[in-house]
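I opened this notebook to record what I looked up in the structure. The entries run from the whole chain to single residues.

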Amino acid sequence: GAGGPPTLPLLQGYFSTLVDKYVTDPWLKRMLDLECFVISGLTAKETSAAEMAFLFRERHREGAEYDYPLGGSQALVDALVRGVRKFGGSVTLRAPVERFLVEDGRVAGVRLADGRELRARRKVVTNASVWDTMRLLPPPGEGGELDAAIAAARAHVLGGDGEGAPACGSFMHLHVGIDAAGLPEDLGIHHMVVRNWDLGVEGDLNVFNISIPSALDPSLAPPGKHVVHIYGAANEPYEEWAHLERGSEEYERKKAEKGEILWAALEKAIPDVRERAEVAMVGTPLTQQRFVGRCNGTYGPAADVTQRNLYGDDLLPGPDTGIAGLMAVGDSCFPGIGVPAAAGSGFYVANTLAGVGQQRELLREGIGANV
């Protein structure tokens, strides 16, 4: 009809609307929560129904397969860097941003930790989390004409005008190098362990993902070995670690206690993994915070950013920050958490900044399209 298919209203809402209407079994509801969490970092109550409909359709269509990049995630990074350099861009490593520069009423560039300053020709695009972006903006009174806009964003994000932007928990990691001799050939690359289904995906250290990438790509480990990574995503509270100092006796004791939980979960997939282990490293929320440079080592926003903009309720979901000269990408804005979603936010901004003529030229060069 004129208003679209009859299922459209359901697809425009949250997946829980469909689950609550058609699913009564408690275990199946928790399983669907888990499906949502894997794709969005959220339960069915805050995951888009359209997103899940697309996922189920793609995953269960005839001939569907999961792809894994040869060379691991580094291969994806290398491909992105090649693309940036191919079109005249540059990539600077070990150069953390210390502060956004505000000039003439707009964010005009960045100052790096080593003192260098870089100016943007059109926009500064932040891939930092919404909380870290607030930290990089000038303090009150130093933003010139942007002071009011910066203050409004900070109040909305950090809670000055309400609850603030909700954050997911952090991670526990266990990285292991093992002897692969005698392991079944169909070991597989991915496994998932749920310790207690009654606790669901939101229970502390209750759900673990296991990745064995060398099961598909032997180049990622020495001959006869496997690399294994098990982690609890967003289910370890940072607050339990915030007061600890890395390397302290209390820190090491807590790391060992939590690491034991990961070892036990990993044994569900590889029962004799401890005997096989040749290298083992445990990572905590402090490790996560240090290596990814994110506020409290968080997984990301505990909010559906397809329905709201964390920088302000008056802003549409997307890259707008409400601060002149500054756009956002990454999991703190539409479409949300996860590599595909974060990449999608980059497409969104690139489409906004690149003119139609530029896009047509890229299409001609990239796929030979006559556009």
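I took accessible areas from the Shrake-Rupley method with a 1.4 Å probe, and for residues only the protein chains shown count as cover. On that basis I noted an accessible surface of about 20900 Å² for the chain, of which 54% belongs to carbon and sulfur atoms.

Basis of the entries. I am working with a predicted model, in which local features need pLDDT of at least 70, side-chain atom pairs count only at pLDDT 80 or more, and totals for chains, interfaces and linings use all residues. Residues are numbered from 1 along each chain as its sequence is written, and side-chain values use heavy atoms, with hydrogens and water left out.

Whole chain. I looked up the radius of gyration, which is taken over C-alpha atoms; the globule rule is 2.2 Å times the number of residues to the power 0.38. For 371 residues a compact globule would have a value near 21 Å, and the 23 Å of the chain agrees with this. Along the principal axes, the C-alpha atoms fill a box of roughly 65 × 60 × 50 Å. I found that 39% of the 371 residues count as buried (buried is under 20% relative accessible area, exposed over 50%, partly exposed in between, with a 1.4 Å probe and protein chains only).

Secondary structure. I recorded 12 helices and 10 strands; these are DSSP runs numbered from the N terminus, helices being H or I of at least four residues and strands E of at least two.

I examined an open sheet with the order 1-2-3 and antiparallel pairing, where two strands pair if DSSP finds at least two bridges between them. Strand 1 (97-103) and strand 3 (117-119) are at the edges with a single partner strand each, so one side of each has no neighbour in the sheet. Strand 2 (residues 106-112) pairs with strand 3 over three bridges in the antiparallel sense, and Gly 109 stands opposite Arg 119 in strand 3.

Backbone geometry. I kept in mind that most residues other than glycine have a negative phi, and most peptide bonds are trans. Asp 104, in the loop between strand 1 and strand 2, has a positive phi near 55°. Its relative accessibility is 76%, so Asp 104 counts as exposed. Leu 205 has a positive phi near 45° and lies in the loop between strand 6 (190-194) and strand 7 (207-211). At 2% relative accessibility, Leu 205 counts as buried. The peptide bond from Phe 334 to Pro 335 is cis, with omega near 5°. I located Pro 335 in the loop between strand 10 (326-328) and helix 11 (339-353).
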